[in-house]
Amino acid sequence: MLQRYIGNKNALIQELLAAVQPLAAPGDLVCDAFSGSVAVSVALKSAGYRVATNDINLLSWVFAIAYLKNSSLPALDMPALLGGRTAKSTKTGSQCNRIEDWSEIVEHLIAAPSSFESKIEWRQDFFDYYCEEGAKSSFLSSRGKAGRRRFFTAANAKAIDRALSRIRYWWRANIIDENVRCLLTARLLDGIEKRSNTQGTYHDFPRDFYDSRALRPLCIEVPETSLMQGRSDHIVGKAEDSLEFVRRVPDHAVLYLDPPYNFRQYTSYYFLPNIVARYPDIDSLDDYFANVKFVRGQNMDDDFTSSFCKSAQFISSLERIIMRSRCRHVVMSYFDGKNHWGSFKAGPDGQGRKHLEEFFKSSIFVPGTMRCIPVERLNYQSYGGYQAKSVSEYIFIAEKARKPHSSRKLIRPRVEESAI
Ligand SMILES: C[S@@+](CC[C@H](N)C(=O)[O-])C[C@H]1O[C@@H](n2cnc3c(N)ncnc32)[C@H](O)[C@@H]1O
């Protein structure tokens with residue numbers, strides 16, 4: 001799973017499970033409505049919950065199908081995948097789900113095309129558009145600076161193209177099903193994350209150097225089966241607006257919310273992994289790539305403006321998602337970083353926490369049920385080697401009222417637009 005996804009809750013899994021466990025029994029449905037890297041959804045699955053998961057980024061759908069809908073390695077049709085060649089690891093049978101079969105296929109994914117693979121259309125979109133040597137990678141920035149995109153080295157861009165050409169062909173020729181497609185794509189995305197020349201997101205890339213990680217060859221590893229263990233009857237949204245997704249989630253014990261708290265739109269920050277996720281479904285790749293824009297090279301048809309990223313709409317969107325959800329309790333993560341409240345340049349000043357406390361005491365919750373749990377973390381950025389304990393993560397918990405009561409009106413804090 002992606003490790004560099006902004007705002008991922010990898011480090012808070014234990015605290016979040018501790019918040020959910022008193023509210024939901026194993027087997028209950030828990031909804032993760034902003035699932036991102038799916039770190040929390042996978043942890044909920046392994047704790048025995050049935051999970052409803054969704055995120056506006058298509059990459060999250062890939063990881064959710066890969067690790068929630070699979071309970072073990074899915075079977076591969078080795079002869080069909082290898083274009084009729086005999087698999088190294090398998091002499092008989094076409095349904096192979098051993099680690100050796102998966103190891104052979106992930107290795108094959110980026111290998112040079114073989115004469116057995118004449119039906120595959122070998123594309124070079126990543127080479128053309130996202131590496132310096134590509135014929136279509138030039139850009140002109142809004143400040144008038146010209147350059148070439150350098151998200152990958154030429155060798156790695158070509159390896160990504162080979163993997164994508166194969167997955168696209170296998171998918172469109174019905175050689176793989178959705179579970180296999182997503183597991184292969186998830187492994188490819190993990191490999192890409194380790195070799196992309198970025199500082200975490202794909203909004204931009206270093207204009208005049210390559211990060212040393214990016215210079216090493218792309219490598220795709222076999223899937224981690226430990227992440228898949230557990231039930232597979234989960235509900236997985238496909239890049240839906242969660243304000244709509246929650247409407248179709250049946251009664252659930254807990255709605256877990258981890259929305260964005262500032263203006264940064266995740267669909268533009270992660271547009272490139274989203275292309276990898278979407279690639280097999282794009283009918284005309286020529287038309288799609290002819291429309292890429294900006295320094296980064298995004299097709300803006302895939303972009304989504306989240307109301308949670310707009311300071312003036314944040315609280316009303318929060319209220320809407322909770323009102324639409326058939327949940328008993330709400331658990332919400334809050335990181336007191338640079339956010340909608342206060343001056344963005346000056347950083348956090350505790351305003352966000354105060355506004356959220358007011359919100360969780362509003363009429364849509366049962367009075368007296370709001371709790372705000374601070375999560376102490378070591379602050380590794382402290383000066384002089386001294387590591388202070390700082391609290392900037394909070395977990396809010398409250399029980400949703402069956403009907404909004406009138407004793408405390410919902411307070412909508414005024415937020416300065418200058419904050420963004
Ligand atoms: C802080 S991140 C969540 C991180 C996640 N909990 C994890 O552990 O990786 C916020 C997420 O909200 C998603 N998002 C923003 N607006 C959305 C919307 N209206 N519907 C669905 N997802 C949305 C973003 O794509 C992003 O992944």
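Mentor: Happy to! The protein chain has 14 helices and 13 strands. Its radius of gyration is 23 Å, close to the 22 Å that the globule rule gives for 420 residues, so the chain is as compact as a globular protein of that length. Please keep in mind that this is a predicted model. Along its principal axes, the C-alpha trace spans about 75 × 55 × 45 Å. Of the 420 residues, 43% count as buried. Among contacts with a separation of 6 or more, 72% join residues 24 or more positions apart.

Now to the two domains themselves. Domain 1 is made of residues 1–71 + 233–259 + 305–420, and domain 2 of residues 73–227 + 270–304. Their C-alpha centres lie 31 Å apart. Where they meet, 19 residues of domain 1 are in contact with 19 residues of domain 2. On the domain 1 side, helix α3 (residues 58–69) gives the most, with nine residues. By class, the residues on that side divide into twelve nonpolar, five polar and two charged.

The largest nonpolar core has 112 residues, and Val30, Cys31 and Val62 touch the most other members. The largest share of this core comes from α3, which gives ten residues. Both domain 1 and domain 2 give residues to the core, so it lies between them. There is a general background to this: in soluble globular proteins, nonpolar side chains tend to be buried together.

Leaving aside neighbours within four places in sequence, valine 62 is in contact with Cys182, Thr185, Ala186, Leu189 and Ala277. If you display those five residues together with Val62, you can then compare the picture with the division of the chain into domain 1 and domain 2.

From there, turn to the ligand. The ligand is surrounded by 22 residues, and the closest are Gly7, Gly36, Ser37, Tyr266 and Ser306. The elements giving two or more residues to this shell are α2 (39–46) and α9 (242–245). By class, the shell has ten nonpolar, eight polar and four charged residues.

Serine 268 is found in helix α10 (residues 266–269). With 19 C-beta neighbours inside 10 Å, serine 268 counts as partly exposed. Not counting residues up to four places away in sequence, serine 268 touches His203, Gln298 and Asp303. Serine 268 and aspartate 302 are 34 residues apart in sequence, yet 8.6 Å apart in space, C-alpha to C-alpha.

Two backbone details also deserve a glance. Most residues other than glycine have a negative phi. Alanine 239, however, has a positive phi of about 55° although it is not a glycine. This alanine lies in the loop between β7 (235–236) and α9, and with 20 C-beta neighbours inside 10 Å, alanine 239 counts as buried. Phenylalanine 294 also has a positive phi, of about 70°. Phenylalanine 294 lies in the loop between β9 (292–293) and β10 (298–299), and counts as partly exposed, with 15 C-beta neighbours inside 10 Å.

Notes: Residues numbered from 1 in each chain as written. Predicted model: local features only at pLDDT ≥ 70, side-chain atom pairs only at ≥ 80, totals over all residues. Domains from an automatic or database assignment. Contact = placed C-beta atoms within 7 Å. Helix = DSSP H or I, 4+ residues; strand = E, 2+ residues; numbered from the N terminus. Nonpolar A, V, L, I, M, F, W, Y, C, P; charged D, E, K, R; others polar. Near = placed C-beta within 6 Å. Core = buried A, V, L, I, M, F, W, Y, C linked by C-beta atoms within 7 Å. Buried ≥ 20, exposed ≤ 12 C-beta atoms within 10 Å, placed from the backbone. Rg over C-alpha atoms; globule rule 2.2 N^0.38 Å.
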